[in-house]
Each structure stands twice: as C-alpha cells, then as structure tokens.
Amino acid sequence: MKKFLFVITLFLSSLTANSIDTLVNSAILKNSELKSIEKSIMIANENIILATKYSNPTLSLGLTDIHTNENYNKRDLEPMQAQSIGITQAIPITDKLEINQSIQITNKTILALSLEDKKLLLKSKIYELAYKIAILKEKKDFIIKQKQNLQKIEKLQNYKYQTSNNDVNSIFNTKIARKNFDIVLNNLDTNIQTLKLNLEEITYKNIKNIKINTNIDKKYINLKFDNHPKIKALQQQLRLNKQQEAFEEASKTSDIKLNATYFNRREFQDYVNISVSIPLSIYNTENIRVKKAQLQYLKTKDDLQTLKQNFIISNKILQKELNNSYKNYKLITKDIIALQNGIEKSLNINNKFKNNTIKIIQNLNKTISLKITALDEKTKYFTALSKAIYYEGK
C-alpha cells in the first residue's frame, strides 16, 4: 500500500512540475514584448507592399475668369471663361521606389533578428531564475537536515545533563542555534517565493516546481558570434545604411509632377492643358542627407566591431567564472564530506556517550558554513552558464 501511495505521489508531482524547456516555450508564446515585435514585423510586411506604390494623384476642380460685376453668373461672355477638372500625379524618374522597397525588406529582417535576440535574453533569464530557485531549495533541504542533527545533539545534551556530564549553557546554545535555523529557513522560503514571482512575471505562469538539472560538470562556452542574431542585426543595419545612402542619391533627382486639366467652355471649343513641374535642387539638402547616410554607415561599422569585441570578452569572463566556481565547488565539497562523515559518526547511537557535544556542534557549524559557500559557488556557476545561453545564441 505504501509503495502504491509513493508511486501515485510521484506521478502527481510529475504532473505539476514544469520542465525548463516547456517553461521557456510557454513564455515565448505569451511574452507581450515578443508579441509587440511580431506585430512590428506584420507592419513591416505592409510597408514592403506600400514601398513601390505611387503617391495618390491630386484632383482639382476650378472656374476661370469669374466676373466681379453684375455679370458674375454668366459663363459664356468670353473665350477664357471655363469650368475645369484636372489630375496631378507625381512620377519618380529614378529607381527610388525599388530602393525604398529593399530598405523596408531589410527593416523587416532586422526586426526578425531583434525578435530572436529577445527570445535568447528571455530564455537566459528564465534559466538563471530557475537555477537560483533550485539551489535555494538545496540550501533549504540541507538546513533542514542539519536542524535534525541539532535536535539529536539537543537530545544527547539533555541526557548528559541528567547524568551531570553537560552544562546548562551548552543546552541553551543549542536551542538558540536551532531557533537561528528557523530564521534561516524562513528567509530561504521568502527568497524562493520572491524568485518564483520574478519567474512568473516573465513567464506569465504560476510556478510550483521546476525540473532542472543542477549537477556541476566541466563546461566550455562555444561562442559563434557571427551567427548571433544581435551581430547579424547590426550587419543588416550596415546594409540598411548603404541602401539609405542609395535612396538619398536617387532622391537628388526629384519626382516630376505631371498635370492634365480639361477645360469646358460654353459657346466655345473645349481644350486640354498639360503641364510638367520639376522641383529644383538648389539648397544642397539632398547632398547633406547623402552625407548623413554615409556617416551613419561608418558609425554602425564601429558599433559592430565594438559589439564583436564585447562578445569575445564576455565569453572569456564567463568561461573564467565557470572554471573558478567549478574548482571551488569541488574543493569545498571534499571538505564537507569529511566533516559530515565525522558528524554522522559522532551522532551514532553507539558513540553518543563518548563524544563531546561542543565539538560536534563546531563541526556542524563548519559543515554548514562550507556547504553554504559551496552552494554560493554553485549559484555563480549556473548564473554564468545561464548568461552563456544568450552569448552562445542557442
């Protein structure tokens, strides 16, 4: 029966636990910032369609030669009196519209890369919070176990006190230590709940349990920054700057405006008037815009080199943090195992009359201090590993 209940409990817990990958995928689908970028991509699609469209023509209606005397309503007195309807259309005479379309396509590509970059940042943050929660739970479980050891020590002290082999101060100190453990456990619970709320904020999901592996292994960060969406986005920005420069060059030749107007006259023959107007580029504004696009290209080029350098340095820093935390954790763990074995041996029922409880408590405090330090190193390790998820671009 007990075995059956255990299996049922394990099954139910597996239903409520979230795998980290499932959590990431769910967050990506629900995140409002990502949804906003997706809407921007949809807008970019419409801009691509609009890019090659001519501007709307202008319709004009008119009356010519309106008299200001008593004959104002007579429209057949002179040949120049007429009613007119006209159409004016701006017509580009360069490949400006095609260049504009290529600009809009590049803008869409940059948005898509930005979306991938934001997904990586979100995934990295989710992993970081999940690891911190898991390690805090390890701390909590460890403190609970040590609290149980204190209870054994307290029981041993009470027995020795009854046989005049222990003093009251030792018993009192042990009780205080146990109360301090309660405070530590309460703080750990608060920290865990706070981190879960932080996780809920970015995943839109109330997290109870997370399945994530916290075993430390020797790892190497595989940085391929040329494939990273943020790098690729800046490379596309360089392309966009060049396209913008080409657009400004094409814009030096202004659109022509073609006008056709039909004049209707009473008692006289109708006629059509056709005119072409071309804006004159005399104030050098077009050349200034070209120069701005050229400077923007050079600025983006510098930004790209800076970003690549930052990625390389960040990769080296994270690798050093991983290596350092890994070594520290392994070194501290060896000392903990030795102390823990000594404590377990001291608390063994066959030896409880022979050992000094003060020494047991001292060893217990050393074990706790070392374990907390080891778990802090573990937190640093997995924080660096979580950040590496972003820089590795996967």
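Helices (H or I, at least four residues) and strands (E, at least two) are DSSP runs, numbered from the N terminus. This is a predicted model, in which local features need pLDDT of at least 70, side-chain atom pairs count only at pLDDT 80 or more, and totals for chains, interfaces and linings use all residues. Residues are numbered from 1 along each chain as its sequence is written, and side-chain values use heavy atoms, with hydrogens and water left out.

**Whole chain.** Colour by secondary structure: the protein chain has eight helices and six strands, in the order α-β-α-α-β-β-α-α-β-α-β-β-α-α. Of its 394 residues, 37% are buried (buried means under 20% relative accessible area, exposed over 50%, partly exposed in between; 1.4 Å probe, protein chains only).

**The nonpolar patch.** Select L59, L61, I85, I87, L258, Y262, V272, I274, V276 and I278, which make a nonpolar surface patch of about 980 Å². Patches are made of residues with over 30% relative accessible area and no salt bridge; like charges are joined within 9 Å, and nonpolar side chains (Val, Leu, Ile, Met, Phe, Trp, Tyr) within 5 Å. A salt bridge is a side-chain nitrogen of Lys or Arg within 4 Å of a carboxyl oxygen of Asp or Glu. Accessible areas come from the Shrake-Rupley method with a 1.4 Å probe, and for residues only the protein chains shown count as cover.

Next show β2 (58-64), β3 (82-91), β5 (256-264) and β6 (271-277): each supplies at least two residues of the patch. The largest share, three residues, comes from β6. L258 is in strand β5 and is partly exposed at 35% relative accessibility.

**Helix α2.** Select I20, L23, V24, S26 and A27, the buried residues of α2. Seen down the axis of α2, they fall within an arc of 165 degrees, so they line one face of the helix; the arc is that of the directions from the helix axis to the C-beta atoms.

**N31.** Move on to the loop between α2 (20-30) and α3 (32-51), where N31 is found. N31 is buried, with a relative accessible area of 10%. A polar atom of its side chain lies 3.0 Å from the backbone nitrogen of E33. Beyond its neighbours within four places in sequence, N31 is in contact (heavy atoms within 4.5 Å) with L122, I202 and Y204.

**Y204.** Finish in the loop between α5 (168-203) and β4 (209-211), which holds Y204. Y204 is partly exposed, at 39% relative accessibility. Its phi is positive, about 60 degrees, although Y204 is not a glycine. Most residues other than glycine have a negative phi.

Terms used
Polar contact = N/O pair within 3.5 Å; in protein donor to acceptor, adjacent residues only side chain to side chain.
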